[in-house]
Amino acid sequence: MWDHEIRAMASSHAIIASSVLMATVLPAVAVQDFSVYGTHLLWLYLVAGTVSLVNIAVFWLLGIGPPTKKHTLGSKLSRMVRSCLYLLLSCLFFHSVVVLYGAPLIESALETFSLAVLLTSLTTLRCLCVLGPNVQAWIRVFSRHGAMSVWDTSLQITVVCTVVGAWVGALPIPLDWDRPWQVWPISCSLGSVIGFLTGLVAAPTWIHYHRKQLTYKCK
């Protein structure tokens with residue numbers, strides 16, 4: 001059951017994961033002195049931008065997304081404006097949460113907001129691609145037994161893995177190891193990207209091995 005969707009998901013996740021690799025490897029060849037540590041913010045924004053574009057393209061090509069009743073220009077513009085508002089609010093939300101967890105409030109504010117942008121591109125943008133700017137749908141998917149499709153389950157897994165990865169990445173920062181990757185927010189952004197990649201692999205794998213037990217309510 002859902003074998004076709006699982007294969008499509010695995011293929012799309014492989015493409016999205018490859019975009020992270022491209023955003024890391026290609027600039028290292030083209031840009032002098034480019035590195036994940038030395039030019040971290042540049043790498044962070046390249047990953048965020050590349051993943052965002054590839055996510056939008058992949059989900060649009062697959063036709064994954066909420067059904068729309070209206071196809072007028074006004075409704076499309078309204079949907080776009082609300083999506084942009086969601087992205088902005090998401091950046092502010094992640095920034096506030098990271099500060100509450102101990103990040104500098106004034107010092108390194110650009111670095112903190114950049115991490116928020118990365119988290120938004122890896123989580124919120126993906127939610128918008130699958131669910132659209134619909135608060136009720138987001139609450140449903142992230143509530144217990146709220147998934148209505150394999151894509152909802154995939155969304156749950158990738159978002160959780162990304163956020164947990166960012167949190168785990170913060171654990172080594174206070175330690176007195178004096179490593180270059182302990183500079184804020186390198187370990188957190190690396191952790192979020194690694195968590196995101198882990199989620200991309202774990203989601204289709206978990207769904208494949210549990211597909212006989214999965215039951216979804218009709219939309």
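**View 1. Buried residues of helix α3 in the predicted model.** In α3, the buried residues (under 20% relative accessible area, with a 1.4 Å probe and protein chains only) are S83, Y86, S90, C91, F94, H95, V98 and V99, and they pack against α4 (109-131) and α5 (135-141). Helices here are DSSP runs of H or I with at least four residues, numbered from the N terminus. The 28 residues of α3 (residues 73-100) should span 40 Å at 1.5 Å a residue, and the end C-alpha atoms are 40 Å apart, which agrees; the expected span is 1.5 Å times one less than the number of residues. Just after α3, G102 takes a positive phi of about 120°.

View 2. S154 lies in α6 (residues 150-170) and is buried, with a relative accessible area of 0%. Its side chain makes polar contacts (a pair of N or O atoms within 3.5 Å, one able to donate a hydrogen and the other to accept it) with the side chain of H13 at 3.3 Å and with that of R126 at 3.5 Å. Leaving aside neighbours within four places in sequence, S154 is in contact (heavy atoms within 4.5 Å) with M9, H13, R126, A203 and I207.

**View 3. Packing of helices α1 and α6.** The axes of α1 (residues 3-30) and α6, lines fitted to C-alpha atoms over the stretch in contact, come within 10 Å and cross at roughly 35°. The contact is made by E5, A8, M9, S12 and H13 of α1 and by V150, W151, S154 and T158 of α6.

Residues are numbered from 1 along each chain as its sequence is written. In this predicted model local features need pLDDT of at least 70 and side-chain atom pairs count only at pLDDT 80 or more, while totals for chains, interfaces and linings use all residues, and side-chain values use heavy atoms, with hydrogens and water left out.

Methods:
Helices (H or I, at least four residues) and strands (E, at least two) are DSSP runs, numbered from the N terminus. Buried means under 20% relative accessible area, exposed over 50%, partly exposed in between (1.4 Å probe, protein chains only). Axes are lines fitted to C-alpha atoms, for helices over the stretch in contact, and angles run from 0 to 180 degrees between N-to-C directions.
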